[in-house]
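The following note sets out some points for a colleague who is meeting this structure for the first time. Please read it with the structure open.

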Amino acid sequence: MKIKTYTYNELTKEKLYQIIRLRLEVFVIEQNCAYQDLDNKDQKAIHLVGEEKGKTIAYTRLFKRGDYFENASIGRVIVKKENRKKGHGKKIMLKSIEVLKKEHKEKRIEISAQKYLTSFYADLGFKKEGEDYLEDNIPHIKMILIV
């Protein structure tokens with residue numbers, strides 16, 4: 001998997017379509033969660049896209065400190081169902097952390113992690129902070145990484 005970084009204005013219509021399609025496949029259809037994916041935050045985000053043969057198979061959306069949360073953040077972390085269990089999630093998360101740390105000099109990264117993925121994020125160094133909460137009727141926990 002090759003990972004590319006885009007600003008919103010660098011995304012082609014086709015690439016944006018692939019990203020939105022993947023987000024809907026995973027978050028709306030697979031997780032059976034109706035939520036407002038198009039939230040007017042993509043325009044500010046840094047988009048990391050994992051690609052194989054020109055197709056989007058993994059994705060994260062990054063925000064610098066103050067753009068979304070008080071801290072820098074990583075969200076919309078997804079890997080296409082048939083491409084899971086191959087290390088792509090870890091690879092795109094490590095690249096996301098690197099981009100925020102090296103290119104944007106961020107020292108603290110916040111995520112709103114789906115509860116069932118807590119150990120995945122903990123293995124990357126994230127620590128739980130606060131109590132569990134529901135986000136779009138899915139249990140989540142705030143997690144912080146100090147880089």
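A residue is called buried when its relative accessible area is under 20%, exposed when that area is over 50%, and partly exposed in between. The model under review is a predicted one.

1. The covered strand. With these cut-offs in hand, one may look at strand S3, which is mostly covered: eight of its nine residues are buried. Strand S2 is also mostly covered, with six of its seven residues buried.

2. The sheet as a whole. How many strands form the open sheet, and in what order? There are seven, in the order S1-S2-S3-S4-S5-S7-S6, and their pairing is mixed. Strand S1 (2-7) and strand S6 (127-135) stand at the edges with a single partner strand each, so one side of each has no neighbour in the sheet. On average, and ignoring direction, neighbouring strands of this sheet are turned by 25° against each other.

3. Strands of a sheet pair through backbone hydrogen bonds, in either the parallel or the antiparallel sense. S1 and S2 run antiparallel and are joined by six bridges; here Lys4 stands opposite Val49 in S2. S2 and S3 also pair in the antiparallel sense, over seven bridges. Across this pair, Leu48 stands opposite Thr60 in S3, and Val49 stands opposite Tyr59 in S3.

4. S6 pairs with strand S7 (residues 138-146) in the antiparallel sense over six bridges. Within this pair, Lys127 stands opposite Ile144 in S7.

5. The helices on the sheet. Helix H1 (residues 13-30) packs on the sheet and touches S1, strand S2 (46-52), strand S3 (55-63), strand S4 (72-79) and strand S5 (108-114). The direction of H1 makes about 90° with that of S3. Helix H2 (residues 88-103) packs on the sheet too, touching S1, S2, S3, S4, S5 and S7. For H2, the angle with the direction of S3 is about 35°.

6. The largest pocket. Rolling a probe the size of a water molecule over the atoms shows where empty space is left. In this model, the largest pocket holds about 980 Å³ of space. Its lining consists of 40 residues, and Phe27, Val77, Ile78, Leu117 and Tyr121 lie nearest its centre. Which element supplies the largest share of the lining of the largest pocket? That element is S4, with seven residues. At least two residues of the lining come from each of H1, S3, S4, H2, S5, helix H3 (118-123) and S7. By type, the lining divides into 18 nonpolar, eleven polar and eleven charged residues.

7. Leu124 is found in the loop between H3 and S6. Is Leu124 buried or exposed? Leu124 counts as buried because its relative accessibility is 13%, and the cut-off for a buried residue is under 20%. Not counting residues up to four places away in sequence, Leu124 touches Lys90, Met93, Leu94 and Leu145. Leu124 and Met93 are 31 residues apart in sequence, yet 8.2 Å apart in space from C-alpha to C-alpha. Ala122, in helix H3, counts as partly exposed, since its relative accessibility is 36%. Ala122 and Ile144 are 22 residues apart in sequence and 9.5 Å apart in space, C-alpha to C-alpha.

8. Residues with a positive phi. Most residues other than glycine have a negative phi. Asn32 has a positive value, near 50°. Asn32 lies in the loop between H1 and S2 and counts as exposed, at 70% relative accessibility. Asp136 likewise has a positive phi, near 55°; the place of Asp136 is in the loop between S6 and S7. With a relative accessible area of 40%, Asp136 is partly exposed. Lys53 also takes a positive phi near 55°, in the hairpin of S2 and S3, which has two residues between the strands.

Methods. Residues numbered from 1 in each chain as written. Predicted model: local features only at pLDDT ≥ 70, side-chain atom pairs only at ≥ 80, totals over all residues. Heavy atoms only, no water. Pairing = 2+ DSSP bridges. Helix = DSSP H or I, 4+ residues; strand = E, 2+ residues; numbered from the N terminus. Axes fitted to C-alpha atoms, helices over the stretch in contact; angles between N-to-C directions. Contact = heavy atoms within 4.5 Å. 1 Å grid on protein atoms, 1.4 Å probe; cavity = no way out; pocket = protein on both sides within 12 Å on 5 of 7 lines; lining within 4 Å. Points joined across faces, edges and corners; volume = space filled by probe spheres on them. Nonpolar A, V, L, I, M, F, W, Y, C, P; charged D, E, K, R; others polar. Buried < 20%, exposed > 50% of the residue type's maximum accessible area, 1.4 Å probe, protein only.
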